[in-house]
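Subject: Structure for you to look at

Hello,

I am passing on a structure that you have not worked with before. Please open it first and then read the notes under it.

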Amino acid sequence: MIKLIKIPSNYLSKLVTIIMIILFISIIFTVSHVNAQSQEAISTISCQYKGGSLVVIHWGDPKSFNPDSQVDDALFIIASQIFNKLINLDVNYNIIPELATSWEVSANASIFTFHLAHNVTWHDGYPFTSKDVRYTLESIKNYKGVMYGFLKMDSLVSVQTPDNYTIVVKYSQPFPAFLGFLAWYGTFILPEHIFNKTQYKDWMDPSIPALTKPIGTGPFKFVEYVKGSHVVLEANNDYFKGKPCINRVTFQIIPDPTAALQAFLAGQGDLLNNRPPTTEIPKINSTPGVIVQMRPVPSRWYIAYNLLNPLLSNLKMRLAIAYAINRTELVQKAESGYGFVARGMYPPAIQWAFNPNVILPEYNPAKADALLDELGYKKGSDGYRYAPDGTKLTLRFTIFQGAEAEAIATIIKEQLRKVGIDVKVEVLEIAAWENKVVKQRDFDLAMLDGFQGPDPDNMRSRFGPGAYLNMANYSNPVFGDLLNKAASEPDPQKRKELYWKAQEIMANDLPYLPLVDLVAFFIYRTEWHGFYWQLPGIAGLNVLERVWWEKGTPVTTTTISIPTQSTSVTPSQVQQGISTTMIIAVVGVIIIVAIILLIIRRRGS
Amino acid sequence: MGLEKYIAERIIQAFFVIIAVIIINFIIVSAAPGDPIQFIAGDIAINSPEFATYLRHKWGLDRPLYERIFTYIFNIFQGDLGYSYRYLQPVSQLILERLPVTLLLMITSNVLAFIIGILLGLYSARKNGSFVDTSITSLNFLFWSTPSFLLGIILMMIFGVNLKIFPVAGLIDVRNPKEGFWLYLDIVYHSVLPIITLTLITMPLYFKVVRDTVIQQSVEEYAYMYRAIGFNESKIYKKVFRNAILPPVTLFAIHIGFAVAGAALIENVFGWPGVGRLLLDAISARDYPIIMGIYLFISITVVLANLIVDILYAYLDPRIRLQKIS
């Protein structure tokens, strides 16, 4: 009964061989399938030199250690070392992976699926999972985090966690700008196991220990914070991208820009994170051992015309003012040449969204004079223009305190005087300025700067009808429509066309006049390398995880090469890791089967 | 007997002045537009409604006015000056944390300014009209008119950047943090430039007052009498000194009373974490609880400083305590 069909032993061995081959091939396919999924995996940190303690001269005290609850610019660079976001922006404002190694966007851009890195632990040893991401996003919604509006939390339907390493974010309408805003600000992932306890009223409850001793997943762990003086962080040896090359990062807080610069030059600091007056840049550049690098940033100084003012509601008046302003002179005198004449209606630094065909009025005082004459303002004997009824043409120019703003305003006042417009510059303290200009809209001309990235949807918050910052009271329904459509258009090409059209319309209406495009300065000592501006596509903004010190101990082990400047992430190393394991497993299986074969053969003969 | 009674009277007076200051503070808080909770805990009402309710109850904001005054005074005397939502800490704790640093700067610089100012003033008055006198007076005038932060930056550039004798800024050396005794030494080392700046700013006041008092006293009748009797100049000056010491002591008390916020600009420039810096940050962030808390603290310290000085005065100048009795 047992051996009804007698299979000869050579047939048996052939059968086993065939099965082995099929097994082998299927394993290879599995390996390549796994590789394809992780093709956006992150390059691990590798160091040429180990050791070193970086000192950053910083400009201000953090308000708390919850980076998502309120606007806290002083905390941002510190939080970027302690925490991670799901995705991050690199120095060119392109999106790069962080805790999310890959992601998919649904066809209508309303569902976002993120695949999370596996070997991540919190600084207290607890494992990181999708629960932490869900807690963070839901808290931004429930506790009105700083990104509540930008992340359109009103339209958030659900955040689901199908497993420990997958997170699905569903919106009720298309939201193509979601990834850009998620990578930007106030979206650091917080530890659910510490924050989510019933005895806490919310995520800023004073009894939460993590608010004074933060726990994150980032490259550096919190050590101490002496208020007003310094913050000390030390390397996280279990960081999921690999151990950082340096041991410590210390932020020394010196608010006064001159004192900060002097402290840096005297050797007290290695990286200067307190923007010095632009007049000092040549001197800093020529200091031995110090490097100054510049990069254009999507931030610009621009004038707002109060369109509700009868004088300024006339486009010809706005054009006249625009023709009278010499933007080149502004860059040279107010920024000491460190800046660019503003082009177009959106900063060129966000390249895909910037419409280069939109030309702003050029510097042409003759045209300005002609337009003002046409409007009926004749030049009096004192050089200023007067209306037919005898009133002087006077405009208030309301700005907030600061050396740059005041310098620009002084120059513009002089430039407008030349065409006969009397400008009264009003300098207010920033909170008072916000109250008067933004809230009460009590001004004629106002000027401000500000970050307009990472996504052109930022335009809606600055210039859109009904927006809080739309102090000019600009309300063109076609413009508003275009911005709304672009905000929910999933096709990137169509989005770009909509934003380009919106810029054209805004240039024709001229409610705002861009003046100067800003640059960011990176000021640091030559012995330090691996900063994020040197590693586009790899390191996120402000993240110091890959910094190394050339005076550290050299690392003697070879093989792994340092990821260089090439475009995107290099998956080769991670792929190598996975296939090596699989090949070992396959070889093991082959050896076992071969042994079984030999035994059968022995028995057979 | 007269002295004890005088002291007792002054203490009772000081107590009532403090109560009056607290009540004035309370009126300001209640009369200002907006919800009074913003002066007690900032924007907390928007972000954490339950905690806000708890604080409203603690400060009696839901009770009638007369009850509120007593709750307010009661809380202040318990040391509760309000709560800062930005820092998630009680205001009194924030102030006390930073007080040692500020006191180090202010008391040291005031004592040095007091001593140096008086010595220079006496010397200058002795040599009244000479070249030495004129040059010392001009130098003091120069320091008096220089803004504190400008002088701080100048000293920072000369001694910190160019001569490299002292550190440029900061409380401690963050590159090589020290422990224990060496940590205190490090802090003292970092405090030299701020203290020198503050001393140079404060000294001219003492100098001028002492110099003028001495010059004025030395032409008083009793000085002529001493000269007529035949005392030599230095003995006369000792007597004059006894009289001249009173105005600088008053000045010292006033300065110490304002010590808490007096070094604000210096703390900002040198990056020192003191109470003045806390006040400046709070003002630009509109953190009302901290602002009100610090102002109240200053008011109380000024009253106490004046009390101490009045007692000292009574001891030094018999005329004052004797006046009270008759």
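**Where the two chains meet**

Chain A and chain B together bury about 2800 Å², and 54% of that area is on carbon and sulfur atoms. Three residues, A:Lys201, A:Lys227 and A:Gln262, account for 20% of what chain A buries against chain B, more than any other three residues. Please keep in mind that this is a predicted model.

The contact draws on 34 residues from chain A and 34 residues from chain B. Three salt bridges are found across the interface of chain A and chain B. A salt bridge also joins the side chains of A:Asp270 and B:Arg175, with N to O at 2.6 Å. Nine residue pairs are in polar contact across the interface of chain A and chain B.

Helix 12 of chain A contains A:Lys436. Is A:Lys436 buried or exposed? A:Lys436 counts as buried because its relative accessibility is 19%, and the cut-off for buried is under 20%. Apart from neighbours within four places in sequence, A:Lys436 is in contact with A:Arg396, A:Glu426, A:Leu428, A:Arg441 and A:Asp442.

**Nonpolar cores**

The largest nonpolar core has 200 residues, and the ones that touch the most other members are A:Phe114, A:Phe178, A:Ile321 and A:Leu515. Helix 16 of chain B (residues 288–316) gives the most to this core, namely nine residues. Another core, of 66 residues, lies apart from it; A:Leu261, A:Leu272, B:Leu151 and B:Ile266 are among its members.

**Backbone points in chain A**

- The peptide bond from A:Gly453 to A:Pro454 is cis, and its omega is near -15°. A:Pro454 sits in the loop between strand 19 (445–448) and helix 13 (458–463) of chain A.
- A:Ala109 is not a glycine, yet its phi is positive, near 55°. A:Ala109 belongs to the loop between strand 5 (100–105) and strand 6 (111–116) of chain A. With a relative accessible area of 5%, A:Ala109 is buried.
- A:Lys152, also a residue other than glycine, has a positive phi near 50°. The loop between helix 3 (130–142) and strand 7 (156–163) of chain A holds A:Lys152. A:Lys152 is buried as well, with a relative accessible area of 15%.

**Chain B as a whole**

How many helices and strands does chain B have? The secondary structure of chain B consists of 17 helices and two strands. Its C-alpha trace spans about 80 × 60 × 40 Å along the principal axes. Of the 326 residues in chain B, 48% are buried. Among the contacts in chain B with a separation of 6 or more, 70% are between residues 24 or more positions apart.

Regards

Note on methods
Residues numbered from 1 in each chain as written. Chains lettered and ligands numbered in written order. Heavy atoms only, no water. Core = buried A, V, L, I, M, F, W, Y, C linked by side-chain atoms within 4.5 Å. Buried < 20%, exposed > 50% of the residue type's maximum accessible area, 1.4 Å probe, protein only. Helix = DSSP H or I, 4+ residues; strand = E, 2+ residues; numbered from the N terminus. Contact = heavy atoms within 4.5 Å. Buried area = accessible area lost by both parts, 1.4 Å probe. Salt bridge = Lys/Arg side-chain N within 4 Å of Asp/Glu carboxyl O. Polar contact = N/O pair within 3.5 Å; in protein donor to acceptor, adjacent residues only side chain to side chain.
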